[in-house]
Amino acid sequence: MSFLKDKLSIFTKTELPFIKRYQESDRVYTFLFEKDKDLSWNEGQHGLFTITHKKMKDSIRPFSVASSPSEGVVRITTRIDEEPSEFKKALLELEEGMKIKMIGPVGSFYLKDETPRLFMAGGIGITPFRAILKQLEADGNRGGKPSELLYVDSQEAHLYKDELDELARNTSIDVHYLSTRNDMYSYTNEFIASHNNNAQYFVSGPKSMVASMTNYLKDKHISKRNIIKDTFRGIE
Ligand SMILES: Cc1cc2nc3c(=O)[nH]c(=O)nc-3n(C[C@H](O)[C@H](O)[C@H](O)COP(=O)(O)OP(=O)(O)OC[C@H]3O[C@@H](n4cnc5c(N)ncnc54)[C@H](O)[C@@H]3O)c2cc1C
């Protein structure tokens, strides 16, 4: 049933009024939109966001929703470089009350079974985990199954750090801020030694990171059904 629900939500379209944006770091911005009362999502899912205030060739991008519905806003966080795409230029032009369209929620990257969980984020791939940790905080960590977040960023510019530290305190989830993939392999080995296939492994980030961590898990005999992936196509 949940598979069917995930598929059907692709037909849900919602107009979201822009509230405000702020900078998370040098090149990373968060955009907040009003949440329509009928809109909901499972923490970790993404939406397909369309620019509507101007015409452009390539007006849609998928973004993970980085907030939980209980926060009452739709939050997206994205990197905007010095020479942004037309889409991201248009995002920066948004003023309070202007609307963007969201199709969805989409995807199956969310919590289903109550098992220990290893959350693995690469760079901007942290966005769905912010929402998931918010959910776990609200739910009292769902019975307290041991969970860890491994967050690798080679620039050591870990986003949401203050919030993640607070969420870690409120949920007893261990958060590890890492700067290399080798660090991620070491922590992953420790987790596998304790939980093996009695756990779920959530991987989110750029294509190369998701592919290499998935292969690593498979080499360690973690079954495909215990690996849940969110590949951020379009991010190097
Ligand atoms: C499920 C999902 C969740 C995502 N969540 C986030 C998020 O939370 N934050 C965030 O910043 N980004 C997220 N992304 C990536 C986002 O959709 C954009 O692709 C990215 O931000 C780059 O956008 P851009 O406009 O700067 O560059 P673009 O103009 O999109 O181009 C960047 C480069 O990627 C290539 N490219 C673009 N789209 C694709 C594609 N579909 N497949 C292969 N190559 C492609 C282009 O040719 C170009 O070389 C997500 C992607 C997916 C699929």
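Guide: Start with the strands. β4 (60-64), β5 (73-79) and β11 (227-232) each supply at least two residues of the shell around the ligand. Strands here are DSSP runs of E with at least two residues, helices are runs of H or I with at least four, and both are numbered from the N terminus. β4 gives the most, with four residues.

A word on the basis. This is a predicted model, with residues numbered from 1 along each chain as its sequence is written, and local features need pLDDT of at least 70, while side-chain atom pairs count only at pLDDT 80 or more. Totals for chains, interfaces and linings use all residues, and side-chain values use heavy atoms, with hydrogens and water left out.

Now the whole shell. 18 residues surround the ligand, each with a heavy atom within 4 Å of it. The closest are Pro-62, Thr-78, Ser-85, Lys-88 and Thr-127. By class, the shell has five nonpolar, eight polar and five charged residues. Ala, Val, Leu, Ile, Met, Phe, Trp, Tyr, Cys and Pro count as nonpolar, Asp, Glu, Lys and Arg as charged, and the others, Gly among them, as polar.

Domain 1 (2-106) and domain 2 (117-232) both give residues to this shell, so the ligand lies between them. The domain bounds come from an automatic or database assignment.

Next, the polar contacts (pairs of N or O atoms within 3.5 Å). A polar side-chain atom of Lys-88 lies 2.7 Å from a ligand oxygen. For Arg-61, a polar side-chain atom is 2.9 Å from an oxygen atom of the ligand. Gly-234 uses its backbone: an N or O atom there lies 3.4 Å from a ligand oxygen. Taken alone, the ligand exposes 940 Å², and the protein buries 67% of that. These areas come from the Shrake-Rupley method with a 1.4 Å probe.

Technical notes
A polar contact is a pair of N or O atoms within 3.5 Å; within protein, one must be able to donate a hydrogen and the other to accept it, and residues adjacent in sequence count only if both atoms are side-chain atoms.
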